[in-house]
Amino acid sequence: MAFLYGLVFFQAFSVIPSLIYLEQGVYINEQGRMSFFTGATILCVLYFIFTFVLIAMAFKSFNKRSLPVFNIAFKGRNIEVPLIIGLILFAQGILLINAALSPLPILNPEITRFTYWSHSRFPFLNSIFGNTAIFIPFAIGLLFSKYKKFSIVMLLVFFGYNFAIGQKFSPIVQGTFSFLLPIVFTFRANMKKFLIRSIVPLFLFSILMGGVIYKITYTKYEETKPFANIKIYDPNEAMLYRIFGLQGHLLWGATDRFVVHNEEPKSFNPADLLYGMPIMMEEFAADKKMVLTANNTGGYNFTNAYPGILFKIFPVSLALVYHTILVIGFLALMGWVLKELMVKKAYFLSIIAYQLFNWTIYAFVMGYFYKLYFAFGFLAVYFLFVHFRKPKLT
């Protein structure tokens with residue numbers, strides 16, 4: 001279970017150090033004010049502990065049941081592996097064709113990762129595959145045990161494509177995790193042996209990718225000096241500020257405004273969760289008009305709107321109750337369904353479930369809970385199908 005929720009652990013390891021950094025007192029560029037101690041770090045630590053305890057308890061309950069699964073077959077023959085190979089080749093192929101016909105951030109300084117899709121040849125692909133098409137490395141990982149060379153080549157193509165369109169850090173972290181997740185489940189019975197065999201390649205790969213990211217970011221910051229307005233000119237200092245000054249600033253602001261001072265009335269509108277990030281941006285942006293315009297046209301440096309958005313909607317006690325319902329009903333349940341599908345080797349269905357699971361985690365990070373509509377629809381259809389076809393499923 002711990003590895004399954006690796007991206008949630010990663011969020012904790014990125015937000016908590018950020019809050020420690022902010023509560024020492026720094027200028028928050030996005031909010032246009034100096035930070036100070038609010039107790040947000042303590043609140044955040046308690047939030048993650050509570051969330052992981054809820055997930056563990058929910059899994060203990062869910063594991064008392066067994067999810068019936070099925071494989072995709074044609075004329076009695078399992079065709080999941082050919083389907084997955086075809087899916088990988090088609091998805092990467094169409095994305096590469098679009099990239100070849102579009103201006104790329106890696107070659108065109110006027111194009112960024114925020115504006116790539118709006119300037120691309122086939123912008124509608126963004127609504128289908130998202131910024132990074134994160135289901136692709138997961139699908140590649142499913143094939144690794146049987147097709148190692150093919151998997152490694154496709155993974156490198158995935159990373160190369162994302163570098164070309166300006167996506168650097170997210171594909172490395174999320175893509176590597178997505179690739180490793182099905183491998184961990186495949187080799188879970190011999191995990192110690194697998195780790196011993198893989199530790200050196202993974203370490204070398206991490207060093208290589210880290211060096212590439214550092215070099216690209218250093219060059220970019222040296223040229224653009226993004227934090228010159230607060231007198232940060234050195235690229236290394238700018239990178240530290242970008243890493244630690246950004247991830248937790250909305251939770252810090254929400255703690256200050258809605259928990260500590262509690263000066264504003266709560267909205268008591270759960271629908272605010274559907275698009276929590278724009279709401280939090282409007283609440284905390286130093287220049288609301290400029291920031292909201294920038295976000296609508298391509299993005300801005302705001303992240304981790306949840307759980308801060310909850311404190312704007314409910315008092316802390318009620319927010320805790322609502323969070324409990326959301327974690328058990330979506331974050332834990334969607335993870336359990338994915339686990340069941342992987343363990344029982346329903347691989348094609350697990351690709352769909354992983355994409356939805358990834359969107360669920362995204363909702364619990366950015367506050368875009370409209371993503372849960374897709375997860376709810378999948379769960380409703382699947383459980384209805386299981387109910388009516390149960391005697392035929394294994």
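How close do the axes of helix 3 and helix 16 come, and at what angle do they cross? The axes of helix 3 (residues 80–100) and helix 16 (residues 347–366) come within 9 Å and cross at roughly 40°, and the two helices are therefore oblique to each other. Glu80, Leu83, Ile84 and Leu87 of helix 3 make this contact with Tyr347, Phe348 and Ile351 of helix 16.

The model is predicted, so that local features need pLDDT of at least 70 and side-chain atom pairs count only at pLDDT 80 or more, while totals for chains, interfaces and linings use all residues. Residues are numbered from 1 along each chain as its sequence is written, and side-chain values use heavy atoms, with hydrogens and water left out.

The terms above are used as follows. Helices (H or I, at least four residues) and strands (E, at least two) are DSSP runs, numbered from the N terminus. Axes are lines fitted to C-alpha atoms, for helices over the stretch in contact, and angles run from 0 to 180 degrees between N-to-C directions. Angles under 35 degrees count as roughly parallel, over 145 as roughly antiparallel, 65 to 115 as roughly perpendicular and the rest as oblique. Contact means heavy atoms within 4.5 Å.

**Helix 6 and its surroundings**

The axes of helix 6 (residues 135–143) and helix 7 (residues 148–164) come within 9 Å and cross at roughly 170°, and these helices are therefore roughly antiparallel to each other. On the helix 6 side the residues that meet helix 7 are Ile136, Pro137, Ile140 and Leu143, and their partners in helix 7 are Phe150, Ser151, Met154, Leu155 and Phe158. Nine of the nine residues of helix 6 are buried (under 20% relative accessible area, with exposed over 50% and partly exposed in between, for a 1.4 Å probe and protein chains only), so helix 6 is largely enclosed by the rest of the structure. Its buried residues pack against helix 3, helix 5 (125–129), helix 7, helix 8 (169–186), helix 15 (316–343) and helix 16.

Serine 350 is placed in helix 16 and, at 0% relative accessibility, counts as buried. Leaving aside neighbours within four places in sequence, serine 350 is in contact with Phe138, Leu142, Leu338, Leu341 and Met342, and Phe138 and Leu142 are among the buried residues of helix 6.

**Helix 11 and the salt bridges**

Nine of the 12 residues of helix 11 (residues 249–260) are buried, so helix 11 is largely enclosed by the rest of the structure; Trp252 and Asp256 are among those buried residues. The structure holds five salt bridges, a salt bridge being a side-chain nitrogen of Lys or Arg within 4 Å of a carboxyl oxygen of Asp or Glu. Three of them are listed here.

| Pair | N to O distance |
|---|---|
| Arginine 33 and aspartate 256 | 3.0 Å |
| Glutamate 283 and arginine 257 | 3.0 Å |
| Glutamate 340 and lysine 344 | 3.1 Å |

The salt bridge between arginine 33 and aspartate 256 links distant parts of the chain, with arginine 33 in strand 2 (residues 33–34) and aspartate 256 in helix 11, 223 residues apart. Arginine 33 counts as partly exposed at 21% relative accessibility, whereas aspartate 256 is buried, with a relative accessible area of 6%. In the pair of glutamate 283 and arginine 257, the partners lie 26 residues apart, in helix 12 and helix 11 respectively. Glutamate 283 is buried at 16%, and arginine 257 is partly exposed at 23%. Arg257, Glu283 and Lys312 are linked in a network of salt bridges. In the remaining pair of the table, glutamate 340 is buried with a relative accessible area of 8%, while lysine 344 is partly exposed with 28%.

**Backbone features and a surface patch**

A cis peptide bond, with omega about 10°, joins tyrosine 306 and proline 307, and proline 307 lies in the loop between helix 13 (288–297) and helix 14 (308–313). Lysine 75 has a positive phi near 55°, lies in the loop between strand 3 (73–74) and strand 4 (77–78), and is exposed, with a relative accessible area of 77%. Lysine 345, in the loop between helix 15 and helix 16, has a positive phi of about 60° and is exposed, with a relative accessible area of 53%.

On the surface, Phe37, Ile42, Val45, Leu46, Ile49, Val53 and Met57 form a nonpolar patch with about 690 Å² of accessible area together. Patches are made of residues with over 30% relative accessible area and no salt bridge, like charges being joined within 9 Å and nonpolar side chains (Val, Leu, Ile, Met, Phe, Trp, Tyr) within 5 Å, and accessible areas come from the Shrake-Rupley method with a 1.4 Å probe, where for residues only the protein chains shown count as cover. Valine 53, found in helix 2 (residues 40–62), counts as partly exposed at 41% relative accessibility.
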